[in-house]
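We will go from stop to stop, selecting as we go.

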Protein chains: 2
Amino acid sequence: MRAKVPTAGHLNGRLAEGLALWRVILTAAMSLLFKHLRIHQIFGANTDVGKTILTTALVRASATLKNEVFYLKPISTGPIQDADDEHVLRHCGTLKDRVHADCLYRFHVPVSPHLAAQLAAGEESQKIVPDSTFINSISSYVQRCASRAGGPGHMYVETAGGVHSPTLSGTTQLECYRPLFLPTILIGDSRLGGISATISAYESLLLRGYIVDAILLFRDDYYRNSEFLTPYFAERGINVTAVDAPPPKASDLAENFTSTERYYEDLNILPVVQNLDARHEQRLVELDSMPRRSLDALWWPFVQHGLVKGEKDVTVIDSASCDFFSVYNPQTSSLESQLDGSASWWTQAFGHAHPALTLAAARASGRYGHVMFPQATHTPALQLAERLLEGPGKDWASRVFFSDDGSTGMEIALKMALRAFSVRHKLEGKERKELGVLGLRGSYHGDTIGAMDACAEEGVYTCEWHNAKGYWLDPPTISIQRGRPVIALPPALTASEGMFESTVVSDSESWVYDVAGRLKTPLAEVYRGYISRTLQGLKRARGVPRLAALVLEPLVMGAGGMIFVDPLFQRVLVDVVRERDPASPSGSWRGLPVIYDEVFVGLYRLGMQSTIPLLGATPDISVNAKILTGGLVPLAATLASDSIFRAFYSTEKAEALLHGHSYTAHALGCEVANETFKLIEKEARSKAWLAAQARWQAPDAPSTVWSFWDPQFVQAVSRLDTVAEVMALGTVLSIKVKDSQAGYVSQSAQTLLQSIRERNNGSSSSEIPQFSVHFRTLGNVAYFMTSLNTASETIRILEDKIWKALQNSG
Amino acid sequence: MRAKVPTAGHLNGRLAEGLALWRVILTAAMSLLFKHLRIHQIFGANTDVGKTILTTALVRASATLKNEVFYLKPISTGPIQDADDEHVLRHCGTLKDRVHADCLYRFHVPVSPHLAAQLAAGEESQKIVPDSTFINSISSYVQRCASRAGGPGHMYVETAGGVHSPTLSGTTQLECYRPLFLPTILIGDSRLGGISATISAYESLLLRGYIVDAILLFRDDYYRNSEFLTPYFAERGINVTAVDAPPPKASDLAENFTSTERYYEDLNILPVVQNLDARHEQRLVELDSMPRRSLDALWWPFVQHGLVKGEKDVTVIDSASCDFFSVYNPQTSSLESQLDGSASWWTQAFGHAHPALTLAAARASGRYGHVMFPQATHTPALQLAERLLEGPGKDWASRVFFSDDGSTGMEIALKMALRAFSVRHKLEGKERKELGVLGLRGSYHGDTIGAMDACAEEGVYTCEWHNAKGYWLDPPTISIQRGRPVIALPPALTASEGMFESTVVSDSESWVYDVAGRLKTPLAEVYRGYISRTLQGLKRARGVPRLAALVLEPLVMGAGGMIFVDPLFQRVLVDVVRERDPASPSGSWRGLPVIYDEVFVGLYRLGMQSTIPLLGATPDISVNAKILTGGLVPLAATLASDSIFRAFYSTEKAEALLHGHSYTAHALGCEVANETFKLIEKEARSKAWLAAQARWQAPDAPSTVWSFWDPQFVQAVSRLDTVAEVMALGTVLSIKVKDSQAGYVSQSAQTLLQSIRERNNGSSSSEIPQFSVHFRTLGNVAYFMTSLNTASETIRILEDKIWKALQNSG
């Protein structure tokens, strides 16, 4: 079953370390949908509720409708002589020629699957089956059936035990099957207690996003569970059908067969099958209509609708799991896997639909809903605030102000900084309105107008009320060019400091990021001189407002084009700004309030919790968002030092920070954020992290920076002729392609890498999983971003795809 | 059991219509927490998992620790001769004097509770017990026990069947018990299938926010469920304890007793009890510490921390349910009910923690997580967009642009409007930057700086970068004064139009809101003249920028002070703006793009889905948020007409609307919004709505406006000497108190109504539920806001509390 793995030269055979790549990948997302083959999985509300009997009835009814019918029981825990597939076949009588029934894996003892696995592990002939193998077996089987089915077909995949019964590997049924994302028939429990079991099982399915198309259970005239469940689920849009229970088992085999046959003949389950067909049909109609309807009703962010050619340009996302979207292909009426190469616009921490985040959201919603926040407190918000103060705010921040997204978080940061400056300098009236910020060219802080005003107006990113307020320095940048780290100095700096060379080639990336070690280098002195002279000059400059805050995106200016700034420059900038104000009160902000916008760069996006320790200079204000909620819902946090807080502290209501959104510190978002912190702590100790970190360590120069991307791959790409420069840090890979027309409107990166949007790029073998890659570009920069837990095998395949695309287009 | 209901004079005995008020109220939220009495409820993962036996073991262990122990089985479905309380008592031996055991309600047949109810309904002696009565019985019982318990005590409340087994009324156990918010012991299922049953039951509890403190189940050496469950729940922070199963039942009663006694004696369940004690202790320590920690770590929105006196000023919200917070009182170490009188900052639609919204959030999170939105689509977002276009956007809007909150939604609206104006008038460069808006004085559109710039700068609500861009007219306002609707005309208008009277007294509120009917009145002509002349004058005015958009909060300017604007004035304003531009292309915006900010006023906050039909003039852009997600998570939608959309449509990327937040159209929020729409549709046909609407109908003048507040109460309040004016519309009640110092910093409304913040205001009888009311003020305006489904009985009691407070302080 092991596939041959194609390895690109740059990977040096590391991929061949015995990893069966495609297993890992396939389990990430492989939703199965076929127009001509309607598939349902059968989950049980409990063990022994009649799954096999009711499935047999469904199979018979499907066969009656002249369909080809497939029955699959991926695991059998019953005695071999009465295996479920044999039961199904035995009771299909004359319809048998249309029915295909199969079991994958068998065990001989009537125990819970997790014990079957333990027992099996003791036998030479059986091994514990990993989830990925298990799911891939099912997927292969299903795909074979789909190709084999001539006319319309039905398939029923029967799971084992209840919805949360453990699989052989120890995960539970509904988690294990989730990548297949099959619509579900839930077999309800007709016994005493069965109402509760049925509803709870349904809720567990719902927590994993499953589509539940029907509920079936036995009629029981004493407990009458169906009488309660029918209206209960009607309200939730699901049909409940109660059917007669089978006759008691006769001891005589022949007699048993006859009475069971009679039972099946008398059951009328056809309407259920027809309803399932209707639901299947409806799902396809809905999917087919979505591109048109979306083109008609939606106005997309950052999209020029005039460039959207038509329905084929619309990505219909049916579901998502781990790092993959399940995308609908209307040509084939099927779902395809697409790698979410932008980590869903820079938000994902653990891939899509992580159960722990869903449960955290549910927990907070069930306990609080949303509760107003002024002068109130609740555990999720308070814990999150304390976590942030202990994390990115350690040793400098005293308070957390919550808001809804990075942009609002930055508006709050700016309001804090400008007020602190105004109060310190006793500014009044118009003086307060005419303040500006000091920043770096290429920065971006969000799309609300206040956040935009903190950035230079250049290029296309502007709007009517945008009024850039401040001054922005050209920063030196870092990239890998032809295999070596290069610091590129901006012309303004080289001119000002009389330098001949505009680049500094370094030995290693770890040296570049050793800010403390570089503070005494000649380059630091050059930076210091350049910044000091520039700031001195600004005092006399016309058109530059009074500067009242220093605003930085540490290390990387993201939306501005994935610009990796030399951290030494940012450190020296903060130092110079502060040193110019030796007289400020002790323990207070100095020179200018310093804002770090960590919305994109924080919380391990770049491999470190916060950029602050690396820079070695604490800010007065910082902002976190995006990864903060693990990639589920909007939430932002603005952290501030005590001296900033004091600028608003008085007994005058009017002097308070009069800012607040209705959903400030919403419990759901805060609880999800707390869960995110917990998951990150765990992930940070994982083998995958340690392995990735080890790859970036040079024996002679231990590094503080690392990446999930392979260093050899990064170097190899940087040597390609089509590539101007590359950079990787944490989850981010950035490739700047050579292009005469740079900037936001450039299409060159799109064009060059176009082929990896296609499904079968990079996989020569049919055994290799085929998936396309969704990625976004910023002009001539293509970037790729992983989650914090993306399988290294996935990243290796993605590197391979990128590598091939760049080579082929070269 | 029916309580005497205190009715204020103005209520005219309507309350006495047989409603047992306090029942309804009490069930809303009555979390039970006592320092000296540690209470746990026992839920079963299924029927017959050993709840009573394990609870008996807990009772015995608790009694051993010298505690007073209370056992309560609120419903017994077992045969009366073997009732659970008797079993408990029988097996407490020498410890019996410390144990109190009781059953509430008994049934004689071993059936599911919902059938017991049906059976009982047939008997003369038994009635179906409504949830509220049931929960109140438990609450009373518990409170009596709490007062009775001398020393430290433990209480165990055993529920019936599984977590979702129906109660007598038909709701399920965990929904019914939710208002009590007792921490939970889950009895796991040790049988085949029990792993699944236990995890699913846990997840159902989690969806209602329950605290699960322990899981107990029988040891089974064959299925060994506890071996799987122990590490599974350890990861989730919950201890699993497996204990021996009881001996098989002996037929001889005495023998049975002896073997059962021996069984209990051999069980060592003490560590579980000690762990429960530790959890209880820990919960209290956490609650006690929260005010201090919050004062140390949080920076609250719109709060002057210098005015927060100390810990007692911090509202610790332990949980919330329906319209009530459960607030911790550190003096008594207990939880108290507090009515959420601001509908959690204007967001709530159905009260807190509505299960349907939690399930919707879980469903979307489990299916998608968050998926990036540019050029993509998913069902929750598409359906929501279509719903909005069919709802508030009907007949005018063509597209929906999603963002994160009302403020970002308005920034987008402004960017749209200004661009459309710029493009139409071919403005370039600086001309584009110097545009302004036309609006009304007192308006508010959010806290980001762009949204602030669309409002006049007056009073305290401003900040450093706030730069009001536009012109704002003084609008005529509406209020009830001394029992009659009054239109107050602003001095600017009376002066301009040479009017002697500054108020117009109307006959009825329904007349005031009959905009179409009033269009031909002389007052409409006055408005028309005033607006036309003002706009004419603005052309020559200095300091007024070129006006490029008309921005209105229809009907009510909320944050500006609950200013009810005369809708006729807003209608005439839109008409005049459009009539001044007869030459615009047909089907396109005319004069100025018109923005309606419906963030606060939309989606039935004022009793109507949208304010647009009432005004009779469609906007070109509108914004919805707040109620949009039923009060759970942030989400906003900006709707736009096709002619606005076209202003951005080209083949140039740079001309697109370059705005987008990372979590744009997040699936969780969209799905919750869709569920909100469904719930509203259902609610709008409810008896409560029809009854409230009927109360506002005058026989001679059918009204288009109505309120959940009682019209007689509103009138009565308006006649009080302390009250300047009152107004009610939909869920909103606004009371402006007489005060020489008006404006945002005024404390008069706070002071006047202070007493309703106290718990026992308004209830003279000890049988009446005591709850305090959380409300917020805007200067000298106190406002109260209900959800869309607040029980009318709750509103009547709140009216009573307000009435008494105003009278006593008068």
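Here is a short tour, one selection at a time.

This is a predicted model: local features need pLDDT of at least 70, side-chain atom pairs count only at pLDDT 80 or more, and totals for chains, interfaces and linings use all residues. Residues are numbered from 1 along each chain as its sequence is written, while chains are lettered from A and ligands numbered from 1 in the order in which they are written.

**Stop 1: where the chains meet**

Color chains A and B separately. How many residues of chain A are in contact with chain B? The count is 140, against 139 residues of chain B; contact means that C-beta atoms, placed from the backbone, lie within 7 Å. Now select residues 194-207 of chain A. This is helix H7, which gives the largest share of chain A's side, 10 residues. Helices (H or I, at least four residues) and strands (E, at least two) are DSSP runs, numbered from the N terminus. By class, chain A's side has 67 nonpolar, 49 polar and 24 charged residues. Nonpolar covers Ala, Val, Leu, Ile, Met, Phe, Trp, Tyr, Cys and Pro; charged covers Asp, Glu, Lys and Arg; the others, Gly among them, are polar.

**Stop 2: strands across the chains**

Select 315-321 of chain A and 376-377 of chain B. Strand S8 of chain A and strand S11 of chain B run parallel, joined by two bridges. Strands pair if DSSP finds at least two bridges between them. Find Thr315(A): its bridge partner is Ala376(B).

**Stop 3: a hairpin and its neighbor**

Go to chain B, residues 477-481 and 484-488. These are strands S15 and S16, antiparallel, with five bridges. Thr477(B) has Ala488(B) as its bridge partner. Two residues lie between the strands, and Arg482(B) takes a positive phi near 45°. S17(B) pairs with S16(B) in the antiparallel sense over three bridges. Here Ala488(B) has Thr503(B) as its bridge partner.

**Stop 4: two packed helices**

Select 355-367 and 667-683 of chain A. Helices H12 and H24 pack at an angle of about 145°, with axes 8 Å apart. Axes are lines fitted to C-alpha atoms over the stretch in contact, and angles run from 0 to 180 degrees between N-to-C directions. Show side chains. The contact includes Ala360(A) and Ala364(A) of H12(A), and Leu668(A) and Val672(A) of H24(A). Its classes are nine nonpolar, one polar and three charged residues.

Conventions. Contact = placed C-beta atoms within 7 Å.
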